[in-house]
Amino acid sequence: MSRPISIPDHMLPADGRFGSGPSKVREEQVGALARAGRSLLGTSHRQAPVKDMVGRIREGLGDFLELPDGYEILLGLGGASTFWDSAAFSLVREKAQHAAFGEFGAKFAAVTDNAPFLQPSSIRTSEPGTRTEVVEEEGVDVYAWPQNETSTGVMAPVRRPDGVERATPGSDGALVVVDATSAAGGTAVDLQQTDVYYFSPQKNFASDGGLWFGAFSPAAIERIEAIAASGRWVPDVLSLNTALENSRKNQTYNTPGLAGLVMLDDQVRWLNEQGGMAWAAARTKDSSDRVYAWAEASEFARPFVTAAGDRSTVVTTVDFDDAVDATAISKTLRAHGVVDVEPYRKLGRNQLRIATFTAVDPEDVSALLSCIDLIVDQL
Ligand SMILES: *Cc1c(COP(=O)(O)O)cnc(C)c1O
């Protein structure tokens, strides 16, 4: 056994949480939780105090996302993974097409592909670390892809595919459904380019998992209502029509975890006070630029995503030379309280994955990179 590597305290990041979800929760959010612990926690989600908070979150998310006229913020239980089943039941009329360039995109594609009441999906894949796009296709009524593929650190533009006309109520057009789970709250988006922009709150929104939120266009809302009226069997807990009716009343169909809502409420307020979407996008770009510039200059590391334009600003991935054991780096960091920089487990690469979500201080990213240099020096 070699001597354990020691990192001097003054070099360590002030906060050592760099996970891609769950992710760093700010101290102020925990303060909000403590205050709510004397009043809101443990009270009915059908009464004004909790409903007002849900309303504030919906409004705050609308402000942050610069919600276009007619779009609505809906929420439900179960997170993005549950939302995939909801989307298969309540958004896809007959056939979906997916751009699946990583684990999360592939999982949603498998959900619609396996749904017995839908046609097999069109699934466009690409090698990990690269991306692919959806393309116009006859008979497709939902086009779907992740804005940020959290398993690989690849980011994709959010824009309607060429040749696909924007759906409007009554038009029967195809919907664009974007998984923004790890993107929303830390990147810019023009919601006019999407019909559904959905996410879980445990990434850039620094809260707990277990809920999903989404911005829905008028065409998406019409689709939900049309499928609900069509006679298709939809389980109540997955029904987006049920979520729509409840969300409009600032409620959920079944009981939500209140603590996560309190932390989300605080984070949304913080994001808007700091300067909203543009501010958040600039901050994550600053943090991620530090990682990529360091990796490009490094003698033993390089960005995993070779196309610079596809590199994520919120989840960075760095490959290491064979001579440098990334697992030894992450273990040493973990022993010093710097955690969750392990790569996505199924990717199986000699890699570190560093989330540069909005809550993460860019100076902490720089400190982390210095610690990695120090560790590699001593390995
Ligand atoms: C984390 C993540 C999910 C899964 O979210 P859950 O809340 O765990 O269901 C889905 N898509 C993307 C892009 C993610 O990053």
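Predicted model: local features only at pLDDT ≥ 70, side-chain atom pairs only at ≥ 80, totals over all residues.

Reader: Is helix α1 parallel, perpendicular or oblique to α7?

Author: Helix α1 covers residues 27-36 and helix α7 covers residues 258-274. Their axes come within 9 Å and cross at roughly 130°. Because of that angle, α1 counts relative to α7 as oblique.

Reader: In what order do the strands of the seven-strand sheet run, and which are its edge strands?

Author: The seven strands make an open sheet with mixed pairing, in the order β1-β9-β8-β7-β4-β2-β3. A strand at the edge pairs on one side only, and this applies to β1 (72-77) and β3 (122-125). Neighbouring strands of this sheet are turned against each other by 20° on average, direction ignored. The edge strands are thus named as β1 and β3.

Reader: In which sense do β2 and β4 pair, and what is the bridge partner of H98 in β4?

Author: Strand β2 holds residues 96-100 and strand β4 holds residues 142-146. They pair over three bridges, in the parallel sense. For H98, the bridge partner in β4 is A144.

Reader: Which strands does helix α3 touch, and at what angle does helix α2 run to β1?

Author: Helix α3 (residues 79-90) packs on the sheet and touches β1, β7 (175-179), β8 and β9, with its direction at about 55° to that of β9. Helix α2 (residues 48-64) lies across β1, β8 (196-199) and β9 (211-216). The angle of α2 to β1 is about 130°.

Reader: In what order do the strands of the three-strand sheet run, and what is the pairing?

Author: This open sheet has the order β10-β11-β12. Its edge strands are β10 (301-303) and β12 (351-355), each pairing on one side only. The twist from one strand to the next averages 30°. The pairing is antiparallel.

Reader: What is the bridge partner of R302 in β11, and what angle does the direction of helix α8 make with that of β11?

Author: β10 and β11 (residues 315-320) pair over three bridges in the antiparallel sense. Within β11, R302 has D319 as its bridge partner. Helix α8 (residues 276-297) packs on the sheet, where it touches β10, β11 and β12. Its direction makes with that of β11 an angle of about 15°.

Reader: What does UniProt list for residues 140-338, and how far apart are the end C-alpha atoms of that span?

Author: The unreviewed UniProt entry lists the span as "domain: Aminotransferase class V". In the model the span is 34% helix and 17% strand. Its end C-alpha atoms lie apart by 45 Å.

Reader: Is the peptide bond from G21 to P22 cis or trans, and where is D172 found?

Author: P22 has its place in the segment before α1. The bond from G21 to P22 has omega near 0°, and is cis. D172 has phi near 70°, a positive value in a residue other than glycine. D172 is found in the loop between β6 (154-155) and β7.

Conventions. Residues numbered from 1 in each chain as written. Heavy atoms only, no water. Axes fitted to C-alpha atoms, helices over the stretch in contact; angles between N-to-C directions. Helix = DSSP H or I, 4+ residues; strand = E, 2+ residues; numbered from the N terminus. Parallel < 35°, antiparallel > 145°, perpendicular 65-115°, else oblique. Pairing = 2+ DSSP bridges. Contact = heavy atoms within 4.5 Å. UniProt positions renumbered as here; feature names shortened; annotations may be inferred.
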